[in-house]
Amino acid sequence: MKFRRFLATTLFALGLSQGVQAQEQLIDQVVGIVNEGVILESEVDAIVNRVKAQAKESGQDLPTDSALRVQAIERLVNQTLLMQMADRMGLEISDGQLDQTLATMAKDQGGTIADMRRSVEASGESFAQFREDIRKEITTQQVLRANVDRRIYISLQEIENLLQIMEQQGGNSEEYDIGHILIDIPSSATPEEIASAQDRAAKVIDLLEEGREFKRIAIASSSGSKALEGGQLGWMSTNEMPSLFAEAVKGKKKDTIVGPLRSGAGFHIIKVQDVRGRQVVETVEMRSRHILLKPSIILSEEKARSMLEGFVKDLRAGDADFAELAKEYSEDPGSALKGGEYDWTDPTTYVPAFRDTLMSLEKGEISEPFRSTFGWHIVQLLDKRVADKTDLAKKNRAQQLLYNRKFKEESFAFQQEIREQAHIEIFAED
């Protein structure tokens with residue numbers, strides 16, 4: 001197809017008498033089309049090379065380059081669809097927000113952005129490209145949250161039911177380190193396609209029971225969002241897992257293979273990689289208030305930040321009242337009418353940017369404007385205390401667990417839906 005290759009014409013001056021000749025050179029190759037966008041070979045290679053470098057560093061075996069390439073293309077298809085949706089939503093991540101995120105990432109690793117740059121460049125990657133990859137990651141997460149949050153409803157009865165379960169578990173609840181492989185099934189699959197997927201799932205289980213490495217099999221076979229990470233979902237209690245997983249995993253011992261479990265997405269295979277008792281730590285709760293401005297076509301990123309900078313200046317000078325500003329301007333429907341106030345809450349339940357900013361404040365201190373996945377905020381720490389296991393704290397914890405579970409389920413369903421509505425064409429390798 002004529003649009004599959006981008007060609008550069010290199011001109012060579014061979015003297016006035018010889019004129020100018022053109023020579024075609026291959027710059028890049030289109031490996032797939034996603035609606036009006038394309039996926040380039042260089043993008044696929046970048047992901048494959050990154051996975052190989054990480055595997056080499058950790059001593060992990062990998063499947064074939066062909067299997068890695070398939071997974072890289074799948075990830076790029078999903079990313080492209082979400083970036084296209086971001087364009088339609090008018091969602092952009094400013095350089096200021098990106099720098100703030102990079103600074104937080106570097107701080108979490110005990111360094112600075114300069115240290116991060118040196119580390120990235122030492123691995124052979126371009127720091128400019130690394131920045132743009134992080135920008136895309138932030139953008140896709142914001143698109144997901146904006147579209148998935150509206151699909152999540154948590155009833156009071158659900159919270160009460162989970163509270164009862166948590167009370168019954170007491171201090172004996174367990175956490176599981178979960179590996180996940182998904183053999184997907186299209187929503188309009190025929191009986192033959194379903195049977196074929198089930199056969200593939202059975203073969204995967206056979207390989208795992210023979211002792212094959214889970215991560216390698218996941219990279220080669222899984223259609224899950226964490227496939228390129230070896231299907232690693234990390235530590236979770238059964239209250240945080242999708243219901244289908246929780247019922248099947250509960251009480252299982254280390255190294256148990258569970259599945260295949262059938263859902264609307266396909267056949268799931270779970271490995272219980274480790275089991276431990278619930279890690280109980282002393283929890284600090286904080287009472288705070290904030291003002292949220294959400295950038296839009298009408299309110300730009302810079303304008304939102306500038307408005308909040310003005311609020312901070314007036315508040316620190318004593319020329320404005322926080323509660324009144326929140327009631328008039330804040331776009332958080334859950335707190336605006338209460339003067340922006342949040343009751344006693346474990347700060348670890350907040351999104352990272354909000355959590356980290358709040359935890360850095362002294363009592364009574366007002367933050368500088370900062371960006372989270374929800375928009376631009378300023379926050380004031382009103383008070384802090386060691387958790388006293390009040391009913392409110394328990395309810396907040398139960399609600400957050402339910403939200404995390406439903407977000408995982410609805411996020412996957414949402415991405416499936418937009419894939420099915422898209423025009424996707426992947427070309428065979430030359």
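Q: Taking helices (H or I, at least four residues) and strands (E, at least two) as DSSP runs numbered from the N terminus, where is Pro260 placed?
A: This is a predicted model, and in it Pro260 belongs to strand 6, which covers residues 257–262.

Q: And which way is the peptide bond from Gly259 to Pro260 set, cis or trans?
A: The bond that leads from Gly259 into Pro260 is cis, with omega near 0°. As background, most peptide bonds are trans, and most residues other than glycine have a negative phi.

Q: Which residue has a positive phi although it is not a glycine?
A: Asn35 is one of them, with a phi of about 55°, and its place is the loop between strand 2 and strand 3 (37–40). Asp255 also has a positive phi, near 75°, without being a glycine, and it lies in the loop between helix 9 (243–249) and strand 6.

Q: How does Asn35 count for accessibility? And what about Asp255?
A: Asn35 counts as partly exposed because its relative accessibility is 27%, and Asp255 is partly exposed with a relative accessible area of 46%; the partly exposed class runs between under 20% for buried and over 50% for exposed.

Q: Switching to Ser330, where is it found, and is it buried or exposed?
A: Ser330 sits in the loop that links helix 11 (322–329) to strand 9 (341–345). Its relative accessibility is 10%, so Ser330 counts as buried.

Q: What does its side chain reach, then?
A: The Ser330 side chain reaches the backbone nitrogen of Asp332 at 3.4 Å, and a polar atom of that side chain also lies 3.2 Å from the backbone nitrogen of Leu292. Once neighbours within four places in sequence are set aside, the contacts of Ser330 are with His290, Ile291, Leu292, Leu325 and Ala336.

Q: Which strand does strand 9 pair with, and over how many bridges?
A: Strand 9 pairs with strand 8 (residues 284–293) in the antiparallel sense, over three bridges, and within that pairing Tyr342 of strand 9 is the bridge partner of Ser288.

Q: Now the core: how many residues has the largest nonpolar core?
A: The largest nonpolar core has 37 residues, and Ile39, Val44, Leu68 and Phe414 are those with the most contacts inside it. Helix 2 gives the most to this core, with nine residues, and elements that supply at least two residues each include strand 2 (20–34), helix 1 (41–58) and helix 13 (391–420).

Q: What does Val44 touch?
A: Not counting residues up to four places away in sequence, Val44 touches Val31, Ile39, Arg69, Ala72, Ile73 and Leu76.

Q: Last one, which residues of helix 8 are buried, and what do they pack against?
A: In helix 8 (residues 214–221) the buried residues are Phe214, Ile217, Ala218 and Ile219, and they pack against helix 2 (65–89), strand 4 (174–184), helix 7 (191–209), strand 5 (232–237) and strand 7 (266–277).

Definitions and conventions. Residues are numbered from 1 along each chain as its sequence is written. This is a predicted model: local features need pLDDT of at least 70, side-chain atom pairs count only at pLDDT 80 or more; totals for chains, interfaces and linings use all residues. Side-chain values use heavy atoms; hydrogens and water are left out. Buried means under 20% relative accessible area, exposed over 50%, partly exposed in between (1.4 Å probe, protein chains only). A polar contact is a pair of N or O atoms within 3.5 Å; within protein, one must be able to donate a hydrogen and the other to accept it, and residues adjacent in sequence count only if both atoms are side-chain atoms. Contact means heavy atoms within 4.5 Å. Two strands pair if DSSP finds at least two bridges between them. A nonpolar core is a set of buried Ala, Val, Leu, Ile, Met, Phe, Trp, Tyr and Cys residues joined through side-chain atoms within 4.5 Å.
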